[in-house]
Amino acid sequence: MISLQLHTISPNKKNSPFPISTTPKHLIRKSNLKNRPNKIVSVLQWNRKPELSGETPRVVVITSGKGGVGKTTTTANVGLSLARLGFSVVAIDADVGLRNLDLLLGLENRVNYTAVEVLNGDCRLDQALVRDKRWSNFELLCISKPRSKLPLGFGGKALIWLVDALKARQEGSPDFIIIDCPAGIDAGFITAITPANEAVLVTTPDITSLRDADRVTGLLECDGIKDIKMIVNRVRTDMIRGEDMMSVLDVQEMLGLALLGVIPEDAEVIRSTNRGYPLVLNKPPTLAGLAFEQAAWRLVEQDSMKAVMVEEEPKKRGFFSFFG
Ligand code: ADP
Ligand code: MG
């Protein structure tokens, strides 16, 4: 029988609230379990709010290059987690042609106006903002109607105008503006990254996604966005163990980015997508939901995590890399 030893795990901050609770128990030696929580615990149970420092709003673009890797899922779940932590959040769906953030959030029937109508002067900004009934400090802004083309002239400047208008609202500027970026690196991508001052790069541990992520990292840096953190999504420990999937440590070494979170492959994600009920609101929490919640916490505190090395015992022949 292979027994695995937890080699390293350390979120950067000493007082970080993250337990090693999301590490599957079979990857931790029994003796290691003594001092660790033995059930999945939500970070919301910690009795401190993460500290938000620096200028607000923090304008964060969620991007990837490749499509279908989890940008919209990340925007919905990290956005709602931030709202649950008490921050005011506006999520902008900048994926114009293939808008679906409203679906994931279950807000599709409440989008009457979009940013295009605001810019045309057909409605006010607050009419285009859809307030979530579950967390009233979370609002959604869609750029345009589904299947419609981006109007000529809509670009980075228009998005900057919208961000400035959000800052200038009577009720005060939001703490976070999160932009769901379209796939690819063409005009839609350029528009989405223009107002951002930081980025979360979502990637899956496969070579195509990594190549796109690397290219996007270069483009973000060229655009002056230096604060780039990554989320590795759809990680399967069984495949990593079988050496059929790249480990998170490998991904981190390849991209050289700070790690905001590691999200396991979880059927609950698909279920929650189809129900329009974001995963982080699930009770009891699921592993992927907790991982998103923790990523949101790290985003607030400008923190990052380290990939974890899990070593094979007792023969110590090879090693597997894993995550915490
Ligand atoms: P993108 O916005 O990058 O195109 P989405 O967030 O729409 O990607 O996700 C694409 C699909 O992958 C969706 O069906 C979603 O439910 C699924 N998915 C995303 N993350 C996970 C995960 N961790 N486990 C299982 N399915 C996932
Ligand atoms: Mg998407």
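How far apart should the ends of helix α8 be, at 1.5 Å a residue? Keep that in mind as you explore this predicted model.

**Stop 1: the whole chain.** Show the protein chain as a cartoon. You will find 12 helices and 11 strands. The chain has 324 residues, and buried residues make up 56% of them.

**Stop 2: helix α8.** Select residues 207-222, the 16 residues of α8. The helix should span 22 Å, and its end C-alpha atoms are 23 Å apart, which agrees. Now show the side chains of S209, L210, A213, V216, T217 and L220, which are buried. Look down the axis of α8: these buried residues fall within an arc of 125°, so they line one face of the helix.

**Stop 3: what covers α8.** Colour β2 (58-63), α7 (187-193), β7 (198-203), β8 (227-235) and α10 (248-255), which are among the elements that cover the buried residues of α8. Then select G224, which follows α8 and has a positive phi, near 90°.

**Stop 4: L220 and the core.** Which residues does L220 touch, leaving aside its neighbours within four places in sequence? Its contacts are T63, F189, I193, A199, L201, I225 and I228. L220 also belongs to the largest nonpolar core, which has 50 residues. L220 is one of the residues with the most contacts inside this core, a list that also includes I92, L141 and I179. Helix α6 (residues 156-167) gives the most to this core, with five residues. Apart from it lies another core, of 40 residues; select L80, L107, L140 and F176 to see some of its members.

Stop 5: Most residues other than glycine have a negative phi, and most peptide bonds are trans. Here are some exceptions to visit.

- Select T56 and P57: the peptide bond between them is cis, with omega near 0°. P57 sits in the loop between α1 (30-33) and β2.
- Select K283 and P284, also joined by a cis peptide bond, with omega about -5°. P284 lies in the loop between α11 (267-275) and α12 (287-300).
- Select R234 in strand β8. R234 is not a glycine, yet its phi is positive, about 60°.
- Finish at E243, in the loop between α9 (237-241) and α10. E243 has a positive phi of about 55°, and it is exposed, with a relative accessible area of 61%.

Note on methods: Residues numbered from 1 in each chain as written. Chains lettered and ligands numbered in written order. Predicted model: local features only at pLDDT ≥ 70, side-chain atom pairs only at ≥ 80, totals over all residues. Heavy atoms only, no water. Helix = DSSP H or I, 4+ residues; strand = E, 2+ residues; numbered from the N terminus. Expected span 1.5 Å × (residues − 1). Buried < 20%, exposed > 50% of the residue type's maximum accessible area, 1.4 Å probe, protein only. Arc of directions from axis to C-beta. Contact = heavy atoms within 4.5 Å. Core = buried A, V, L, I, M, F, W, Y, C linked by side-chain atoms within 4.5 Å.
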